[in-house]
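Here's a quick briefing to read alongside the model. Have the sequence and the 3D view open as you go.

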Amino acid sequence: MYSQGLIGADGSTTETQEFLDAFQKRIDAEEKIEPTDAMPEGYRRTLVRQIGQHAHSEIVGMLPEGNWITRAPSLRRKAALLAKVQDEGGHGLYLYSAAETLGVSREQMTEELHSGKAKYSSIFNYPTLTWADIGIIGWLVDGAAIMNQIPLCRCSFGPYARAMIRVCKEESFHQRQGYEIVMTLAQGTPEQKAMAQDALNRWWWPSIMMFGPHDADSQHSDQSMAWKIKRFSNDELRQKFIDATVPQAEYLGLTIPDPDLKWNEEKQGYDHGRIDWDEFWRVVKGHGPMARDRIKDRKAAWDNGAWVREAALAHAEKRRTRKMAAE
Amino acid sequence: MAIFEAILELADDHLVLGHRISEWCGHAPMLEEDLAMPNMALDLIGTSRTLYDHAGKLEGKGQSEDDLAYLRGEREYRNCLLVERPNEDFAHTMLRSLYFAAFMRPYWLKTLEMTNDETVRGVAGKAEKEMAYHIRHAGEWVIRLGDGTEESAARMRDAVAALHIYTDELFESSPAAAEAERAGVLPVRADLRAAWDEVIGQVFAEAFLEAPEVPYPQTGGRKGLHGEGLGHLLAEMQSVYRAHPGATW
């Protein structure tokens, strides 16, 4: 998800060369940058954007999976899905808190999400149509997120790196849980197996698009690499993901919907077919199938909850006044 | 058979309320509540699972927790009416949880003292702590909203007017429950009134709310006489399971 966090990121700075060199020296020495440290404005801006987009992705990501909580086909699956969606919300909360250390408020970030100014991972703009989607999302989407996020545990910005350690542990659990759902379906009735294959067909390409544009078309990666916000290129991570996932699909007896997918002995990895970048950019720019519904749902939750938040503040104020009067 | 039915009533209460609360997930008024709601739903659904499993074993016909949850229709569900009431708004949702938890906490505490059923005792030991937390969470919200803004106070009063009429049913024992009480498995529901009144009284005093007189309490859930909403809840919950008979998930 984080690669998409960098789309449109503006890393430009106006600091003196001496300041930038000293900062770079700290980065090169693998020192963690902490919120109170001096940092180039471009570094701060890039991180606010990336962490904010990551947080929004977790929050919006609660919706497609939440869509199946009330219909989960066993009580065990229902409980696991509830716990999983709750974890995603928890990730959102740590990430908003990490972004807040850089001087931006959660309210501000929420407004930017609702106005469309801030983006979130394009994957969540696809609909979850069957129960199999819940398994496939865990397996592929969380699997892709892990590939992206493990290197972030070593990100140069301390609060983000530390948040990622816990997030990755939970994501890795989600991925195994998703894979287990798909395995149960693949070993189930013909209808269940067909459901799993259909979900794989719909989610495969959006999942490999999660790593972002090809390196040759990725404009902002160099500066982020130098600042050690990003440690691997989009194509490197995508390759790792595909190489790890293809044998898993084979084990399940499911077919990855890419006729051009084949093992390349020379590079010791899989070659894949052409990614439909038109679709990718269309979805990133807000024209995905569920884009309008996702934002509408988030705004509705926020707007319908306004009276609750106002009441909580009013009550806290009343308590404070009473306490002062009593003293 | 009566004990099976009495355990099923309890399991249905927990599953249906857990389902209602889970409907909030991703749509709560603030992120902290988006985390709290699934937590409470998980507590309730977790309790229902152990109870269904136990009920199935008591019945001895090989019904699993999922058979009991997913293959009975609205006339066979035995939950009380309070738990199936729709979420409406955050005020209704928090009050419904408070009413339920303020009953279940003393219920489980009493169970720990008296039950001769080891599985039920195990459930009570865990659920009592969870219900204490639900009382605290929901109770604090009822106070905040009751003593918040004009709008929140009005919504809280509306919730009391809408839901209080369903609370008497909590204290009624069905014939099956009465038999389980006589058999020393479950505590006598009517005996828990004072403990419930005390919690509700304390919260309402701080929330500036009044418990209304209820001349005509709404009951019937234990006989399978539900509101119209429960059929929709079950249709949604059971749709995938019923569409694939015999499948493993």
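In chain B, ring pairs tie Y99(B), F103(B), Y107(B), W108(B), F171(B), W196(B) and F204(B) together into a cluster. Keep in mind that this is a predicted model. Over all chains, the structure holds 18 aromatic pairs.

**Aromatic pairs**

- Take W24(B) and F90(B): their ring centres are 5.8 Å apart and their planes sit at 90 degrees, so this pair counts as edge-to-face.
- W24(B) has a relative accessible area of 13%, and F90(B) comes in at 1%. Buried means under 20%, so W24(B) qualifies, and so does F90(B).
- Y107(B) and W108(B) are both buried.

**Charges over rings**

- In chain A, look at R309(A): its charged end sits over the ring of W302(A), 3.5 Å from the ring centre.
- In chain B, the charged end of R72(B) sits over the ring of Y77(B), 4.3 Å from the centre.

**Helices**

- Helix α3 (residues 41-66) of chain A runs for 26 residues and reaches 37 Å from its first C-alpha to its last, close to the 38 Å expected at 1.5 Å a residue.
- That helix, α3(A), is mostly covered, with 22 of its 26 residues buried.
- Over in chain B, α2(B) has 29 residues and reaches 42 Å between its first and last C-alpha, close to the expected 42 Å.
- Just past the end of α2(B), G60(B) takes a positive phi of about 75 degrees.

**Where chains A and B meet**

- The contact takes 48 residues from chain A and 50 residues from chain B.
- About 3,900 Å² is buried between chain A and chain B, and carbon and sulfur atoms give 67% of that.
- If you want a salt bridge to look at, the side chains of E32(B) and R106(A) meet in one, at 2.5 Å from N to O.

Technical notes
Residues numbered from 1 in each chain as written. Chains lettered and ligands numbered in written order. Predicted model: local features only at pLDDT ≥ 70, side-chain atom pairs only at ≥ 80, totals over all residues. Heavy atoms only, no water. Phe/Tyr/Trp six-rings, centres within 6.5 Å; stacked < 30°, edge-to-face > 60°. Buried < 20%, exposed > 50% of the residue type's maximum accessible area, 1.4 Å probe, protein only. Lys NZ or Arg CZ within 6 Å of the ring centre and 35° of its normal. Helix = DSSP H or I, 4+ residues; strand = E, 2+ residues; numbered from the N terminus. Expected span 1.5 Å × (residues − 1). Contact = heavy atoms within 4.5 Å. Buried area = accessible area lost by both parts, 1.4 Å probe. Salt bridge = Lys/Arg side-chain N within 4 Å of Asp/Glu carboxyl O.
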